[in-house]
Amino acid sequence: MENNFAVTRAGRRYGDAVLSPNGLMTEISFEGAPPDSENIYRLAAVCGEKYVALGVPTPGGAGLTFRKSFSKNALRELGFSEPSAFELILPGEVFAATVFAPEPEPVPEPEIVPATTAEWAEIANPAALFVENGVAAITDEVAGALVREEGGFVYLAAPISAGEAFSMMPVFCFGTPETIGGRDYLIFKLKNGVLTA
């Protein structure tokens, strides 16, 4: 009884392999097209989780052909048993099962609601928000600052301008840029009077 298998490479079909018993021998034949003209491919059976290389198909006719008879002992020595597929492989390639994971559901992006000046209140003395003398001292020159409380944190918005030096340069890296009411600010997050990331 013959068994027919599609012969593939990288999921694309290039021909068919036929296994047919012939007395005490098993004949394996293949006819098909080469994946390309630059490489020499081997016909391999996928047995379990590995390739069993059977030989090199030869050019002929419209593509590649392979025909070879194997004894039961020869097939056993090769590790050939109950093939699930046939592939054209290059020397040194090892079998890796292709797993197709379902595409993840798209996650909707959170809606970003721009801050409005209604959430913020002006603060004349930003130094009062800090317990650390060093950071409090560098806020003395900040004019036009805003403040708001949310989730147990205090947020200080220090105005920035491209034409002016930023007075809180030592803590610049703690700030996050944000536009409030059409003006650019660096937002600093504080917990119990201390800057946090």
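Trainee: To begin, how many residues lie between S4 and S5 in their hairpin, and which residue in the turn has a positive phi?

Mentor: Two residues lie between S4 and S5 in the hairpin, and glycine 48 in the turn has a positive phi of about 70°. Please note that this is a predicted model, in which local features need pLDDT of at least 70 and side-chain atom pairs count only at pLDDT 80 or more, while totals for chains, interfaces and linings use all residues. Residues are numbered from 1 along each chain as its sequence is written, and side-chain values use heavy atoms, with hydrogens and water left out.

Trainee: What counts as a strand or a helix, and how many of each does the chain have?

Mentor: Both are DSSP runs numbered from the N terminus: helices are H or I with at least four residues, and strands are E with at least two. The chain has two helices and 14 strands.

Trainee: How do strands pair in a sheet, and in what order do the eight strands of the open sheet stand?

Mentor: In general, strands of a sheet pair through backbone hydrogen bonds, either parallel or antiparallel. Here, two strands are taken to pair if DSSP finds at least two bridges between them. The eight strands form an open sheet with mixed pairing, in the order S5-S4-S8-S1-S2-S3-S7-S6. Strand S5 (50–55) and strand S6 (58–60) are at the edges with a single partner strand each, so one side of each has no neighbour in the sheet. On average, neighbouring strands of this sheet are turned by 30° against each other, direction ignored; such angles are taken between axes, which are lines fitted to C-alpha atoms (for helices, over the stretch in contact), and run from 0 to 180 degrees between N-to-C directions.

Trainee: Which strands does S4 join, and by how many bridges?

Mentor: Strand S4 (residues 42–47) runs antiparallel to S8, with five bridges joining them. Five bridges also join S4 to S5, again in an antiparallel manner. As examples, alanine 45 has phenylalanine 86 as its bridge partner in S8, and cysteine 47 has lysine 50 as its bridge partner in S5.

Trainee: What describes a pair of aromatic rings, and which residues form an aromatic pair here?

Mentor: Such a pair is described by the distance of the centres and the angle of the planes. The rule is that rings of Phe, Tyr and Trp (its six-membered ring) pair if their centres lie within 6.5 Å; planes under 30 degrees apart count as stacked, over 60 as edge-to-face and the rest as tilted. By this rule there is one aromatic pair. Phenylalanine 5 and phenylalanine 86 form this tilted pair, at 5.1 Å centre to centre and with 55° between the planes. Phenylalanine 5 lies in strand S1 (residues 3–9) and phenylalanine 86 in strand S8 (residues 85–89), so the pair ties together parts that are 81 residues apart in sequence.

Trainee: Are these two phenylalanines buried or exposed?

Mentor: Buried means under 20% relative accessible area, exposed over 50%, and partly exposed in between (1.4 Å probe, protein chains only). Phenylalanine 5 is buried at 17%, and phenylalanine 86 is buried at 0%. Of the 197 residues of the chain, 36% count as buried.

Trainee: Over which ring does the charged end of arginine 148 sit?

Mentor: A charge sits over a ring if NZ of Lys or CZ of Arg is within 6 Å of the ring centre and within 35 degrees of the ring normal. The charged end of arginine 148 sits over the ring of tyrosine 155, 4.9 Å from its centre. Lysine 189 likewise lies over the face of phenylalanine 153, 4.2 Å from the ring centre.

Trainee: Where is arginine 148 found, and which residues does it touch?

Mentor: Arginine 148 is found in strand S10 (residues 146–150) and is buried, with a relative accessible area of 16%. Contact means heavy atoms within 4.5 Å. Not counting residues up to four places away in sequence, arginine 148 touches Glu119, Trp120, Phe153, Val154 and Tyr155.

Trainee: Where is glycine 23 placed?

Mentor: Glycine 23 is in the loop between strand S2 (12–22) and strand S3 (25–32), and with 74% relative accessibility it counts as exposed.
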